[in-house]
Amino acid sequence: MSLQPLHDRLEAIAQEGRTRKLSARKVEGVHVVEADGRRLMNFGGNDYLGVVADETRGCDLQSPHETHGATASALICGWTPRHEALARCIAELEMAEAAVVFPSGYAACSGAIATLAGEGDLILSDELNHASLIDGCRLSKAERVIYPHRDLDFVEHVLTDRAGKAGLTWIVTDGVFSMDGDIAPLPQLADLAERFGAHMMVDEAHGTGVLGRRGGGLCDAMGVSDRVTVRIGTLSKAVGHQGGFVAGPQVVIDTLVNACRSLIYSTSLAPIVAEGAHRVIQRLSLWQDRRDRLAHLSRLFRRRMNLEAGGIEAGIPIIPLVIGEEAETVRASQAMRENGFFVPAIRPPTVAPGQSRLRVSITSAHRDHDIELLADILHRVCPHLGSAEMASATQ
């Protein structure tokens with residue numbers, strides 16, 4: 001599965017003398033300090049009122065009280081040693097050649113697809129993918145085919161029909177689907193990708209930190225990290241900070257640095273956020289007890305609500321309770337609030353008409369008693385929840 005078109009694209013950029021590279025620079029007052037220690041008066045940032053200059057002038061740059069922003073995009077002077085360290089740590093977690101950090105998960109998802117899948121390429125996208133993936137597909141100049149949720153036969157049919165007719169072919173899917181709490185059949189999709197010379201792109205937003213013995217996500221848990229070309233993730237969920245990332249082959253990351261508009265034209269992630277996310281990611285492999293606890297609580301809640309799920313899905317901490325009608329779903333959410341629980345109502349356009357639901361999100365910080373009480377109140381507020389019909393609707 002060659003990525004030669006990306007190599008060719010970068011070579012064309014190099015021939016024009018337009019190759020861009022990220023350079024780590026620290027911001028200190030009105031200066032930037034380059035990796036070699038050279039101190040330069042900074043006329044490249046956007047700190048128009050000197051707010052960042054005030055916070056960084058003569059201060060301890062390791063202070064936990066820093067609040068300043070990056071002042072510029074990554075390619076200007078917004079890529080600091082903290083961003084560089086975070087990117088390297090992410091690449092190690094994802095067992096990838098390289099990684100790059102974005103200011104948000106949305107920017108990472110939409111930008112990666114729009115940049116990597118070009119004219120003459122083909123995208124196959126799961127119909128329940130996150131909006132950021134969908135928007136990236138729409139921004140791309142590639143041909144787009146939306147396949148029914150987790151429908152391997154449909155994917156195989158399209159790949160068979162289009163064999164040899166497209167440039168790069170990308171199979172794009174969420175790992176854990178954010179509104180349904182189910183998972184993509186990654187091993188089977190990887191088999192199809194290898195058979196037809198396609199590449200996989202997986203959004204690990206709800207998998208990073210939660211799944212896998214190292215916390216690397218669904219690809220890690222299913223042992224397919226080396227078979228998935230591009231892994232996208234967020235720093236705002238299990239990592240507890242802000243931002244997004246893309247990990248993959250060096251040629252993929254170089255292509256994004258040189259051509260991805262949501263990276264090139266966005267102010268970089270705040271350095272203090274990058275440092276905080278780095279600290280968490282360094283610890284993910286040590287937090288198996290938290291992952292085990294989270295899976296236990298998720299299985300407990302499913303049992304209490306009579307929801308069937310097996311394997312990895314039984315321990316996914318996203319549990320949808322489909323009610324159907326919008327007004328009834330809002331009433332149920334309000335009733336839960338009156339009983340001391342925040343359980344949000346999810347309605348169209350986030351989900352399809354007739355599929356409005358309560359979306360329960362569990363954390364390892366909850367207690368067994370919290371889960372038991374939540375289930376008891378839900379059964380009281382919505383007596384039909386947990387019925388055989390209900391269990392069928394949520395699978």
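Two strands pair if DSSP finds at least two bridges between them. Strands (E, at least two residues) and helices (H or I, at least four residues) are DSSP runs, numbered from the N terminus. This is a predicted model, in which local features need pLDDT of at least 70, side-chain atom pairs count only at pLDDT 80 or more, and totals for chains, interfaces and linings use all residues. Residues are numbered from 1 along each chain as its sequence is written, and side-chain values use heavy atoms, with hydrogens and water left out.

**The sheet**
- Phe102 stands opposite Gly244 in strand 10.
- Strand 4 and strand 10 (residues 244-248) run antiparallel and are joined by five bridges.
- An open sheet of seven strands has the order 4-10-9-8-7-5-6, with mixed pairing.
- Strand 4 (98-102) and strand 6 (143-147) are the edge strands, each pairing on one side only.

**Helices across the sheet**
- Helix 7 (residues 152-162) lies across strand 5 (122-126), strand 6 and strand 7 (169-174).
- Helix 10 (residues 250-259) lies across strand 4, strand 9 (230-234) and strand 10.

**Helix 6**
- In helix 6 (residues 131-139), Ser132, Leu133, Gly136 and Cys137 are buried, where buried means under 20% relative accessible area, exposed over 50%, and partly exposed in between (1.4 Å probe, protein chains only).
- The buried residues of helix 6 line one face of the helix, because they fall within an arc of 140° seen down its axis; the arc is that of the directions from the helix axis to the C-beta atoms.
- Arg138 and Leu139, on the other side of helix 6, are exposed.
- Helix 5 (105-116) and strands 5, 6, 7, 8 (199-203) and 9 are what the buried residues of helix 6 pack against, with contact meaning heavy atoms within 4.5 Å.

Conventions:
Axes are lines fitted to C-alpha atoms, for helices over the stretch in contact, and angles run from 0 to 180 degrees between N-to-C directions.
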